[in-house]
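Please keep the sequence and the model in view while reading.

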Amino acid sequence: MLIKIIDTIRGGRYTEEGKFLPWAMRIAHNLCVDHFRKVKRTPAIKTSDDRDIFEVINFTEDGADQKMMKRQSYDRVRQMLDLLPDDQREVIILRHYADLSFKEIAALTNCSINTALGRMRYGLINLRKMMLQKKIAL
């Protein structure tokens, strides 16, 4: 919408006869009406159980750039995890990568649940500090 308004002003098609805000709102309204008219013309494909096909099919695969950015983020996290003390790293890996509960982690690491929770807390605090120091954004 903003681009349409700017194009109209640059094209010299806007006259300052009325107020700017009502004019801009009219452009927004017309764009919405155009959008819904277009959507109405698009045929809906239904499955046998009367669901829209676009609700069923998941075809939103990440592009190459998104895959590369995710890989870089995972690599950065892995490098920072390697810098944590062993007990903190172990709890974070078991919780986030192995999807274990804190009860399971406590049993595996032979510590109390509160100790496992504390290690997780301090591990995350240390990761945040590293991110701030190295100015890393994920």
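Arg 78 counts as partly exposed because its relative accessibility is 36%, where buried means under 20% relative accessible area, exposed means over 50%, and partly exposed lies in between, with a 1.4 Å probe and protein chains only. This residue belongs to helix α4, which covers residues 64–83; helices here are DSSP runs of H or I with at least four residues, strands are runs of E with at least two, and both are numbered from the N terminus.

The model is predicted, so local features need pLDDT of at least 70 and side-chain atom pairs count only at pLDDT 80 or more, whereas totals for chains, interfaces and linings use all residues. Residues are numbered from 1 along each chain as its sequence is written, and side-chain values use heavy atoms, with hydrogens and water left out.

**The chain as a whole**

The chain holds seven helices and zero strands, and reading along the sequence gives the pattern α-α-α-α-α-α-α. Of its 138 residues, 20% are buried.

**Arg 89 and the C-alpha pairs**

Arg 89 lies in helix α5 and counts as buried, because its relative accessibility is 18%. When neighbours within four places in sequence are set aside, Arg 89 is in contact with Leu 81, Asp 82 and Leu 84. Met 131 is placed in helix α7 and is partly exposed, with a relative accessible area of 23%. Ser 112, in the loop between α6 and α7, is likewise partly exposed, at 36% relative accessibility. The table sets out the C-alpha pairs in which these residues take part.

| Pair | Separation in sequence | C-alpha to C-alpha distance |
|---|---|---|
| Met 131 and Val 77 | 54 residues | 9.3 Å |
| Ser 112 and Phe 102 | ten residues | 9.1 Å |

Which helices cross α7 at roughly 100°, with axes that come within 8 Å? Helix α5 does so; the axes are lines fitted to C-alpha atoms, for helices over the stretch in contact, and the angles run from 0 to 180 degrees between N-to-C directions. The two helices, α5 and α7, are therefore roughly perpendicular to each other, a class that takes in angles of 65 to 115 degrees, while those under 35 count as roughly parallel, those over 145 as roughly antiparallel and the rest as oblique. On the α5 side the contact involves Asp 87, Gln 88, Val 91, Ile 92, Arg 95 and His 96, and on the α7 side Ala 116, Arg 119, Met 120, Tyr 122, Gly 123, Leu 124, Asn 126 and Leu 127. By class these residues are seven nonpolar, four polar and three charged, where Ala, Val, Leu, Ile, Met, Phe, Trp, Tyr, Cys and Pro count as nonpolar, Asp, Glu, Lys and Arg as charged, and the others, Gly among them, as polar.

Helix α6 (residues 102–109) also packs with helix α7 (residues 113–134), at an angle of about 100° and with axes 8 Å apart. For this reason α6 and α7 are roughly perpendicular to each other. Phe 102, Lys 103, Ile 105, Ala 106 and Thr 109 of α6 make the contact with Ile 113, Ala 116, Leu 117, Arg 119 and Met 120 of α7, and the residues of this contact comprise seven nonpolar, one polar and two charged.

**Positive phi in two loops**

Most residues other than glycine have a negative phi. Asp 99, however, has a positive phi near 55°; it sits in the loop between α5 (86–97) and α6 and is exposed, with a relative accessible area of 60%. Asn 110, which is not a glycine either, has a positive phi of about 60°, lies in the loop between α6 and α7, and is exposed at 73% relative accessibility.

Methods
Contact means heavy atoms within 4.5 Å.
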